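Please read them with the structure open.

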Amino acid sequence: MVPEVGLDRTSPVPLYFQVASRMQQLIESGVLPVGGRLENEVELAERLGVSRPTIRRAVQYLVERGVLVRKRGVGTQIVHPKVRRPVELSSLYDDLAKSGQKPRTQVRTLEVRHAPDHVAEALGLDENAQVTWMERLRFADGEPLAIMQNAVPVDVLPLRCEDLEGRGLYELLRAAGYAPRMATQVVGARVATAAEASVLEDVRGAPLLTMTRTAWDASGRGVEYGSHIYRASRYAFELTLST
């Protein structure tokens, strides 16, 4: 049952958005548990003192954000809230740990290889330069969230599976004296292949968010190239805009 929601009826913020924001906070804090069901719209509207269209719009907003799902014969059910990641220079591991979402990493590939042309160009490396190439599967709260491919120049730092399983890549770079200070990042979207969907425990053709990033340290040296895919049902990039 959704507890009382404090609404400011004098605020310019729409009531549906106030209701939706408060419900999302309750879900993310665990007050409304994952797997639970909401009351029907009529009961919820009466108890919160708002109209049924306001409740319907608030629920639809949370459905679109992947926080709630409507199931025929079941009602409106609470699902895992999306990982909302600020678009800033931070690592996914750090962001998950900070939000209490229990990151876990499975290293699928870790090897030294010649840098592919597009990676060498992005990092400003010679054509014969070598990089440590890794592919990792990142979990959040026990569920697969992202497949991450990264390249780090071999002379930046040695990398071992046990290091990557226990710590984030940016934490390792900072400890080695190569803290990322600037990056270019491109965000996109596509559908999952059968192989990607299998690894991410999703369905073939499921929507994915993509992110490609090149990062440099304070001296301007390229220290990391990454190409990541994320389950769109569990993940979102968050922007704060101002004038």
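The points below cover the basis of the model, the helices, the salt bridges and the sheet.

1. Basis. This is a predicted model, in which local features need pLDDT of at least 70 and side-chain atom pairs count only at pLDDT 80 or more, while totals for chains, interfaces and linings use all residues. Residues are numbered from 1 along each chain as its sequence is written, and side-chain values use heavy atoms, with hydrogens and water left out.

2. Helices α1 and α3. Helix α1 spans residues 15-28 and helix α3 spans residues 52-64. Helices here are DSSP runs of H or I with at least four residues, strands are runs of E with at least two, and numbering starts at the N terminus. The two helices pack at about 50°, with axes 8 Å apart. That makes α1 oblique to α3. Axes are lines fitted to C-alpha atoms, for helices over the stretch in contact, and angles run from 0 to 180 degrees between N-to-C directions. Angles under 35 degrees count as roughly parallel, over 145 as roughly antiparallel, 65 to 115 as roughly perpendicular, and the rest as oblique.

3. Their contact. Residues in α1 including F17, V19 and M23 meet residues in α3 including I55, A58 and L62. Contact means heavy atoms within 4.5 Å. By class, the contact of α1 with α3 has 10 nonpolar, two polar and one charged residues. Ala, Val, Leu, Ile, Met, Phe, Trp, Tyr, Cys and Pro count as nonpolar, Asp, Glu, Lys and Arg as charged, and the others, Gly among them, as polar.

4. Helices α2 and α3. Their axes come within 9 Å and cross at roughly 110°. That makes α2 roughly perpendicular to α3. E41, V42, L44, A45 and L48 of α2 make the contact with R52, I55 and R56 of α3. This contact has five nonpolar, no polar and three charged residues.

5. Salt bridges. The whole structure holds 13 salt bridges (a side-chain nitrogen of Lys or Arg within 4 Å of a carboxyl oxygen of Asp or Glu). R56 forms one with E41, the closest N and O atoms being 3.5 Å apart. The pair links distant parts of the chain, R56 in α3 and E41 in α2 (residues 41-48), 15 residues apart.

6. Sheet. Six strands form an open sheet in the order β4-β5-β6-β9-β8-β7, with antiparallel pairing. Two strands pair if DSSP finds at least two bridges between them. β4 (103-114) and β7 (182-191) are the edges; each has a single partner strand, so one side of each lacks a neighbour in the sheet. Neighbouring strands are turned by 15° against each other on average, direction ignored.

7. Antiparallel strands β4 and β5 (residues 130-140) are joined by 11 bridges. E111 stands opposite W133 in β5.
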